[in-house]
Amino acid sequence: MDTLIPSNKKRGFWNVFLQQKYLYMMSIPFVILVIIFNYLPLWGWTMAFQNYKPGISFSEQEWVGFKNFAELFSDDRFYLVLRNTLAMSTLGLFIGFVFPIMFAVLLNEVRLSYFKRTVQTITYLPHFVSWVVVAGIITKMLSIDGGIVNELLVNWGIIDKPIQFMAKGEYFWGIVVASDLWKEMGWNAIIFLAAIAGIDSQLYEAAKVDGAGRWRQIWHVTLPGIRPTILVLLILSIGHLTSIGFEKQFLLGNSLTVDYSEVLDLYALNYGIGLGRFSYGTAIGIFNSVVSIILLLIANGIFKRFSNQSVM
């Protein structure tokens, strides 16, 4: 019996392979692209263990082991940047993840199809606007010279004089999260609307028969119906907590808010590439990637154990 089981599994694999050979052949170009653009560049990680000098061959580079990582973890600036990264990504995870779900659920309850399509179109259009343009709009709206936010707050008697929002670091995290929510909420809601559309309408009919109102139908039918989608996207979002990019922070930040606006990617850009310390910048990138993988595996394991939902 011990010799028959592996052979049966082997025959089963080749039978499936032969039956779906065209699908495997169609996937080959994409696998090659992934290898070329996602795996071959990992060779560049060797720079983190060298005192890399441009123009010198690989064999002539000076190997320094974990010196760059030791320098990274001994830099107080690194922990300040890590704080900013985790703070903005965590706020963005909760606010930027919950609001699209709420928006999709409420929009699904709208019965006027024309109004529903109009609102959906208006809300996802900002996704296609460049962050350069969005940063200009946000800066103008928060300006003390004609900015609509300060004018409304003064006219309503909430504040006595305009506030320099863009010059105060304590407001920066909220500004970034709010602007990202405005830009991406409609776009992120599309996948939840698609998941809601896939729920069997007979479930709603059965809920109505049982006397459930609109809110009860949302709680007992809509939300459980999109629960797998929510969990999978949440797992993927947790894996990107330290990889939030730098465009928003770079465009909205300034020298007065740098202690609140600098994130890991900006830190790698400024203190790595900007100063010609390519090995140091690579060490920052490796740290970022390793932490992202660990967070993804932890989140995937937790959700798989307690909710039977996972991405791998």
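Which helix holds the place of Ser279? That would be H15, spanning residues 278-306.

## Ground rules

This is a predicted model, where local features need pLDDT of at least 70, side-chain atom pairs count only at pLDDT 80 or more, and totals for chains, interfaces and linings use all residues. Residues are numbered from 1 along each chain as its sequence is written, and side-chain values use heavy atoms, with hydrogens and water left out. Helices here are DSSP runs (H or I, at least four residues), numbered from the N terminus.

## Ser279 up close

Ser279 counts as buried because its relative accessibility is 5% (buried means under 20% relative accessible area, with a 1.4 Å probe and protein chains only). A polar atom of its side chain sits 2.9 Å from the backbone nitrogen of Tyr52.

Setting aside neighbours within four places in sequence, Ser279 is in contact with Met47, Ala48, Gln50, Asn51, Tyr52 and Asn68 (contact means heavy atoms within 4.5 Å).

## Two pockets

A pocket is an open set of points on a 1 Å grid over the protein atoms alone, where a 1.4 Å probe fits, with protein on both sides within 12 Å along at least five of seven lines; lining residues have an atom within 4 Å of a point. Volume is the space filled by probe spheres set on the points, which are joined across faces, edges and corners.

The largest pocket has about 670 Å³ and 25 lining residues. Helix H8 (172-197) gives the largest share, nine residues.

The second largest pocket holds about 290 Å³, with 16 residues lining it. Here H15, the helix of Ser279, gives the most, with seven residues.

Notes. Helix = DSSP H or I, 4+ residues; strand = E, 2+ residues; numbered from the N terminus. Buried < 20%, exposed > 50% of the residue type's maximum accessible area, 1.4 Å probe, protein only. Polar contact = N/O pair within 3.5 Å; in protein donor to acceptor, adjacent residues only side chain to side chain.
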